[in-house]
Amino acid sequence: MSAAETSASLRPESLPDAAGHFGPFGGVYVPETLMTALKELGEAYDAARRDPVYQEELNRHLKEFAGRPTELYFAERLTQHCGGAKIYFKREDLLHTGAHKINNALGQVLLALRMGKTRIIAETGAGQHGVATAAVCAKFGLQCVIYMGAVDMERQALNVFRMRLMGAEVRGVEAGQKTLKDAVNEAMRDWVTNVRDTHYILGSALGAHPYPMMVRDFHRVIGREAKAQILAREGRLPDEIVACVGGGSNAIGVFFDFLEDAAVRLIGVEAGGRGIVRGEHAARFEGGKLGVLQGSKTYILQNPDGQIELTHSVSAGLDYAAIGPEHAYYRDTGRISYAYACDDEVMEVFQLCSRLEGIIPALESTHALVEGLKRAKALPKDKIVLVNLSGRGDKDVNQVAKLLGVTLR
Ligand SMILES: *Cc1c(COP(=O)(O)O)cnc(C)c1O
């Protein structure tokens with residue numbers, strides 16, 4: 001029996017195990033100097049999640065500051081356009097700061113306060129996690145340092161300005177490719193040095209234990225709400241749920257409470273970039289190999305020598321060489337299936353959704369939408385496809401205009 005088959009019978013709630021493993025994936029692959037910090041964090045989180053006072057406070061801020069619950073929205077004109085299954089959106093794009101990221105930022109900042117930390121650090125790629133973290137730090141009066149690759153800072157200058165407006169210090173990273181992976185390295189270096197007063201808020205379901213579990217738990221609210229909402233509205237569960245997968249936090253968040261509903265198909269969508277050619281995409285399940293990156297064992301895009309492969313996607317938030325370990329696990333058990341969407345399809349559907357629904361989706365979320373529309377077309381009218389709209393596209397309009405050859409001024 002394979003490892004995946006043995007563990008397929010495990011309840012989702014029992015994963016990861018105490019050492020942070022999802023079957024053969026996950027774990028804690030970090031330097032000795034970080035082991036103590038991760039252990040302290042794991043224990044603090046364990047106590048917090050059992051504490052009704054912490055949970056109540058988190059729920060209050062999710063409502064008052066972030067804007068939860070988010071709507072479950074029937075996308076009527078896209079449904080008509082496809083002519084098949086009913087399409088629903090889970091509107092995470094309506095959250096404060098524009099994406100699901102604030103669910104995790106709030107959870108971790110409240111945890112850091114419990115732990116007596118006064119300084120917050122985080123990495124950011126496109127800047128969405130940095131903006132969410134900066135906002136929550138401003139709210140709670142915490143010092144905030146965001147690490148961001150120098151290349152990303154240039155591409156996402158507006159988000160750099162937003163973070164600075166909210167009082168965060170944004171530090172440019174000049175190492176490596178000067179993008180997300182390099183920013184994570186820099187943040188980990190900072191954490192090793194300043195662990196006494198500093199908490200590191202990782203932005204996706206990635207990295208060493210307890211991060212993949214903790215970040216997942218903070219986003220489970222998406223699926224929990226969606227389940228209650230679709231039951232109230234349709235009197236039954238959806239047939240398929242589709243979400244985009246960068247590190248995997250919005251996807252595992254919306255999927256988790258449906259993992260044991262065997263009739264509900266769960267589909268994660270990776271970035272197919274310019275097509276499945278080495279260096280031109282970020283679809284880890286299309287040729288990625290088992291390896292260790294930034295603390296966790298999982299599928300990683302790497303060259304034959306084991307060096308991390310260059311990746312590309314039109315959406316910065318999906319442009320990362322590794323996938324969260326829990327996704328690797330459910331891919332191997334077969335419970336979640338994975339597809340990819342390419343840049344050109346994403347550009348089309350970005351415009352289609354804007355025109356037909358009056359909703360401009362994030363380029364990341366548009367990947368889920370591409371696959372969701374394909375599936376809705378192939379299904380009869382009495383079926384339901386739920387797409388997690390992880391964020392709004394305001395941050396992307398400059399880039400899209402440029403790609404379409406539109407001059408804004
Ligand atoms: C960051 C981001 C993603 C990708 O991150 P996950 O951890 O895979 O969810 C997806 N959508 C939006 C809008 C984002 O900002």
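Helices (H or I, at least four residues) and strands (E, at least two) are taken here as DSSP runs and numbered from the N terminus. The model is a predicted one, so local features need pLDDT of at least 70 and side-chain atom pairs count only at pLDDT 80 or more, while totals for chains, interfaces and linings use all residues. Residues are numbered from 1 along each chain as its sequence is written, and side-chain values use heavy atoms, with hydrogens and water left out.

Cavities come first. A cavity is a set of points, on a 1 Å grid over the protein atoms alone, where a 1.4 Å probe fits but cannot get out, and its lining residues have an atom within 4 Å of a point. Grid points are joined across faces, edges and corners, and the volume is the space filled by probe spheres set on the points. Searching the whole structure this way turns up four cavities of 30 Å³ or more.

The largest cavity holds about 530 Å³ of space. Its lining runs to 42 residues, and Lys101, Leu180, Gly203, Ser204 and Gly317 are the ones nearest the centre. Two or more lining residues each come from helix H2 (32–50), strand E5 (119–124), helix H6 (128–140), helix H9 (180–194), helix H11 (249–255) and helix H14 (363–378). H9 gives the largest share of that lining, with four residues. By type, the lining of the largest cavity splits into 19 nonpolar, 19 polar and four charged residues; here Ala, Val, Leu, Ile, Met, Phe, Trp, Tyr, Cys and Pro count as nonpolar, Asp, Glu, Lys and Arg as charged, and the others, Gly among them, as polar. Domain 1 (22–63 + 101–211) and domain 2 (68–98 + 220–404) each supply at least three residues to this lining, the bounds being those of an automatic or database domain assignment.

The second largest cavity has about 40 Å³ of space. Among its lining residues are Leu206, Gly207, Leu293, Gln294 and Tyr320, and the lining divides into six nonpolar, four polar and no charged residues.

Gln294 is also worth a look for its backbone: phi is near 50°, a positive value in a residue other than glycine. Gln294 sits in the loop between strand E11 (289–293) and strand E12 (296–300), and is buried at a relative accessible area of 11% (buried means under 20% with a 1.4 Å probe and protein chains only).

Thr97 is another non-glycine residue with positive phi, about 75°. Thr97 belongs to the loop between strand E4 (86–91) and helix H5 (101–114) and is buried, with a relative accessible area of 9%. Leaving aside residues up to four places away in sequence, Thr97 touches Ile102, Gln128, Val131, Ala132, Ala135 and Arg162, contact being heavy atoms within 4.5 Å.

Strand E8 (residues 198–201) is covered on both faces, with Thr198 and Tyr200 buried on one side and His199 and Ile201 buried on the other. E8 runs parallel to E5, and four bridges join the two; strands pair if DSSP finds at least two bridges between them. Within this pairing, Arg119 stands opposite Thr198.

Then there are the cis peptide bonds. One joins Arg68 and Pro69, with omega about -5°, and Pro69 falls in the loop between helix H3 (52–66) and strand E3 (72–74). The His209 to Pro210 bond is cis as well, with omega near 10°, and Pro210 lies in the loop from E8 to helix H10 (211–234).

Definitions and conventions. 1 Å grid on protein atoms, 1.4 Å probe; cavity = no way out; pocket = protein on both sides within 12 Å on 5 of 7 lines; lining within 4 Å. Buried < 20%, exposed > 50% of the residue type's maximum accessible area, 1.4 Å probe, protein only.
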